[in-house]
Amino acid sequence: MLTNGEIPAAARVLVLSGDLGDGHRQAARALAETCGEGLAERVRAEVIDFMQEVYPYLHPMVKYCFMKGVEKVPSVYGYLYRKTRRKEAMPIPFKTFLSLGLSRFLTLLEEKKPDIIVCTFPLAAAAVSLLKEKGAVSTPLVTVITDHTDHSLWLQPHTDLYLVGSEQVAAALRLHGVSSSRVRVTGIPVRSRFSESFDRVRLCQSFGLDPQRPVVLVMGGGSGMLDGSVRSLIRSTSLLERLQLVVICGSNAAVREELEAELREHPTNRVIVKGFVEEIHEWMAVADLLVTKPGGLTTAEAVAVGLPMLLYKPIPGQEEDNAAVLEKAGVAIRATAARTLQDQLLELADNRLALAAMKGRARQFRRQRPTEQAWDAIMHLQQTASSVRQAWQATTTIREAW
């Protein structure tokens, strides 16, 4: 059985992430960066990709199938998401898959000897819960839900604490029977740089943008899923007469190359195409409007910056839930299929009052210092668990003395 032993000077925290969707990795990264900025004396955090580490041979195939499934047949993904959403027990396919890696995973935990485990990836949380159920692990488990929604895969019986992005998620968890003491509304963890102030004019100049002309940022998530309606924007003369476009393709090199080839054929100084960018917080800071799929982390970063959003074609499942929460909060508008994306984009970009109102509501909706709040909750749980363990050890010692 894995035990924690003596409390170290700095608590060992293992953060388990996954790359089936970029948001899980970015949340883990935000936690690790904040730990390095102000908690180094109290915490030693290590981030590990659960899928890559535990399923090194299966992981590439699983990731390929997942990404292609979401891109090509989102309706099937949505059906499976809804079908498993309210399951009280873990679906058999997931349990079977997890069982294939439990031995390797347990070896990893015995090697790392964490004082607390934090999961930003639901399969990792499910695997830890299974090991705790078997009595192989007793380490406290914290699950960070990276969307504004609930799903059975996130909800595991041996989770000690849930960190969620909004009151809506907290309420949903309570409906599932999760006690309020096991839920903290911290906001979705984003890096602290998204809360910084920037000189927009200087940034525009450094990026080759006109500070006097509206800037629209277009993102397709970490995998750069940009469909034809989004790509057609860079060919619209009427749109480019009125604003500037910055298209972020993420890790999707094929899409980036296609767009760059089109710009070489039809040159314009009103469109910038980028791949993965480290300084995405700065691109958000210069933008007046974000056109994006409603992923949990991307939208949380936009809210932190105060950037209004036009949400397009959410994937059935968590992205639809995210869109509903963000629309209700008044920080985003969902594009409809009844009108072209270009028409809706131009209408919103020209409506300065609406954009200002969305910015104001973002300030009300966002959580202050979400990553710091997350660490406060994590460390409180770790200290509580340590105190309980010390009390139990003291009682055992007294009994042995008698």
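In what sense do strand β4 (residues 141-144) and β5 pair, and over how many bridges? Please describe the surroundings of these strands as well.

Author: Strand β4 (residues 141-144) pairs with β5 in the parallel sense, over three bridges. Two strands are said to pair if DSSP finds at least two bridges between them. Helices (H or I, at least four residues) and strands (E, at least two) are DSSP runs, numbered from the N terminus. Residues are numbered from 1 along each chain as its sequence is written, and side-chain values use heavy atoms, with hydrogens and water left out. The model is predicted: local features need pLDDT of at least 70 and side-chain atom pairs count only at pLDDT 80 or more, whereas totals for chains, interfaces and linings use all residues.

A crossover is called right-handed if, with the strands pointing away from the viewer, the path from the first strand over the helix to the second runs clockwise.

In a regular strand the side chains alternate between the two faces of the sheet. Strand β5 (residues 161-164) is covered on both faces: Leu 161 and Leu 163 on one side, and Tyr 162 and Val 164 on the other, are all buried. Buried means under 20% relative accessible area, exposed over 50%, and partly exposed in between (1.4 Å probe, protein chains only).

Strand β4 also pairs with β3: three bridges join the two, which run parallel. Here Ile 117 stands opposite Leu 141 in β4. The chain crosses from β3 to β4 by way of helix α7 (residues 122-133), and this β-α-β crossover is likewise right-handed. In strand β3 (residues 116-119), Ile 116 and Val 118 point one way and Ile 117 and Cys 119 the other way, and all are buried. Strand β3 pairs in turn with strand β1 (residues 11-17), in the parallel sense and over four bridges. In that pairing, Val 15 stands opposite Val 118 in β3.

Six strands form an open sheet in the order β9-β8-β7-β10-β11-β12, with parallel pairing. Its edge strands are β9 (271-274) and β12 (332-334), each of which pairs on one side only. Three bridges join β11 to β12, which run parallel, and Met 309 stands opposite Ala 332 in β12.

Lys 313 lies in the loop between β11 (309-311) and α15 (318-329). Its phi is near 40°, a positive value in a residue other than glycine. Lys 313 is exposed, with a relative accessible area of 53%. Arg 369, which is not a glycine, also has a positive phi, of about 50°. Arg 369 is found in the loop between α17 (352-365) and α18 (370-401) and is partly exposed, with a relative accessible area of 48%.
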